[in-house]
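These are my notebook entries on one chain. I looked up strand pairing, helix packing and the exposure of selected residues.

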Amino acid sequence: MANKIDTKAKRERLSQRREPYWDKLILGGYIGYRVGAIGGSWIARFRSEDGKQNYKSLELPAHLPVNEYDTASTEARKWFDALQAGFKPKAGTVAEAADNYTEFLEQNNSKASADDARGRIRRYILPEFTKTPLDRLNNRQIRKWVHSFVVEGSDEEIRKSKASANRNLATFKAMLNLAHKEGLVQSNRAWKDVDKFKKPDGARKDYLTPNQAKKLLDNADVYFHDLLKAGLLTGARYGELCKLRVGDLDKNKGLLNIPWGKTDARTFPLTKTAKAFFINMSKNKLPDAPLLTRNGADPWSKSDQTKLMRETVRKAELLDSVVFYTLRHSFIADVIDQNMSVFDIAKITGTSIEMIEKHYGKLFKDRVIEVLERSSLV
């Protein structure tokens, strides 16, 4: 049968009908042109090994192609190649990609990493994209979503919101890349070129002096005071402090076993002051009870500290940019000043040497210069 759709003149002579006019491209693969009331549209058809016919509406480039038939044929052949390479005939949704990703993390990483990703996906990704087919995502849509996390406020608040946006984008991209790898969507062009914010973490600017740390503690209520002091004594992250149980304290050896958080579990050696503090926190409590509580019984949870920290900082008349993480910065800055090695700092704070050098390199440089100034060789 003569080809009825390979030129514009031929297509204009076709009668309107729902069933496309088909042209065979490969064995089992066809390109079709459907004539509508206004204009026409292109569609591809492919018969899979099980005999099922699969269909795909073809979207041609936004500009008017020089030859629509050739352009549509190229798009159809791309789809045929993808199906033969193992991609699914119909792209999955973002929600399906999310389930696939968290299942992958549970099987290959850990339940904790899967739970963390699941929470981030549930809060930040699914509300925007849950039913969106993966092949309908586009750069502009994802870029707009990333920028929606940036808040107005102080430099520190903006920095934190950009860092959070980068983490959300990293999770989204990891989820989408796995979906692409496992055949849920043919192309990754919608997200591969969406960039994260450059250097939102930056160098750490806020460090508390001993006097400022005392003012912060003096203006905190009793339970928040304990939480703040624990952070200043250990440099542990807020989430790590929330997870501490009485059984994590080894009174005999003077060690605090910090559970898995952002990094692997680690052991923190306690000074006499720190040991006495945590022993006091553990009094009259069972091993599985929270070591630090928000009311004498219940553990601290994800956002409990935010409002309290803001109010305590205000009462202590400190900079608005001081946040709970500032306690960790201050601890690290202090032990750097006390000449602790970068290896030991990284080990007890649960981070890498590279991260210490990246964020606190200037402090190490200043310390080295002080030593060199005391040199008396010449």
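I began at R34, which stands opposite S41 in strand 3. Strand 2 and strand 3 (residues 40–47) are joined by seven bridges and run antiparallel. I took two strands as paired if DSSP finds at least two bridges between them. Helices (H or I, at least four residues) and strands (E, at least two) are DSSP runs, numbered from the N terminus.

I recorded the provenance before going on: this is a predicted model, in which local features need pLDDT of at least 70 and side-chain atom pairs count only at pLDDT 80 or more, while totals for chains, interfaces and linings use all residues. Residues are numbered from 1 along each chain as its sequence is written, and side-chain values use heavy atoms, with hydrogens and water left out.

I then followed strand 2 (residues 29–35) to strand 1 (residues 21–26), with which it pairs in the antiparallel sense over five bridges. I26 stands opposite G29 in strand 2. The hairpin of these strands has two residues between them, and G28 takes a positive phi near 85° there.

I found four strands in an open sheet, in the order 1-2-3-4 and with antiparallel pairing. Strand 1 and strand 4 (53–58) are the edge strands, each pairing on one side only. Neighbouring strands of this sheet are turned by 25° against each other on average, direction ignored; the axes are lines fitted to C-alpha atoms, for helices over the stretch in contact, and angles run from 0 to 180 degrees between N-to-C directions.

What lies across this sheet? Helix 2 (residues 68–84) lies across strand 1, strand 2, strand 3 and strand 4, and runs at about 30° to strand 3. I counted contact as heavy atoms within 4.5 Å.

**Entry: D70**

I checked D70, which lies in helix 2. D70 counts as partly exposed because its relative accessibility is 42%; buried means under 20% relative accessible area, exposed over 50%, and partly exposed in between (1.4 Å probe, protein chains only). I also noted that the C-alpha atoms of D70 and V194 are separated by 30 Å, the two residues being 124 apart along the chain.

**Entry: the sheet of strands 5 to 7**

I noted an open sheet of three strands, in the order 5-6-7, with antiparallel pairing. Its edge strands are strand 5 (249–250) and strand 7 (266–269), each pairing on one side only. Strand 5 and strand 6 (residues 255–258) run antiparallel and are joined by two bridges. D250 stands opposite L255 in strand 6.

**Entry: helix 3 and helix 6**

How do helix 3 and helix 6 cross? The axes of helix 3 (residues 94–108) and helix 6 (residues 155–181) come within 9 Å and cross at roughly 95°. The two helices are therefore roughly perpendicular to each other, the range for that word being 65 to 115 degrees. Residues of helix 3 including Y101 and F104 meet residues of helix 6, among them F172 and M175.

**Entry: helix 11**

Which residues of helix 11 are buried? In helix 11 (residues 304–315) they are Q305, M309, T312 and V313. Seen down the helix axis, the buried residues fall within an arc of 100°, so they line one face of helix 11; the arc is that of the directions from the helix axis to the C-beta atoms. The buried residues of helix 11 pack against helix 7 (210–218), helix 8 (222–234) and helix 9 (238–243). The face turned away from the buried side of helix 11 carries the exposed residues K307, R310 and R314.

Notes
Parallel < 35°, antiparallel > 145°, perpendicular 65-115°, else oblique.
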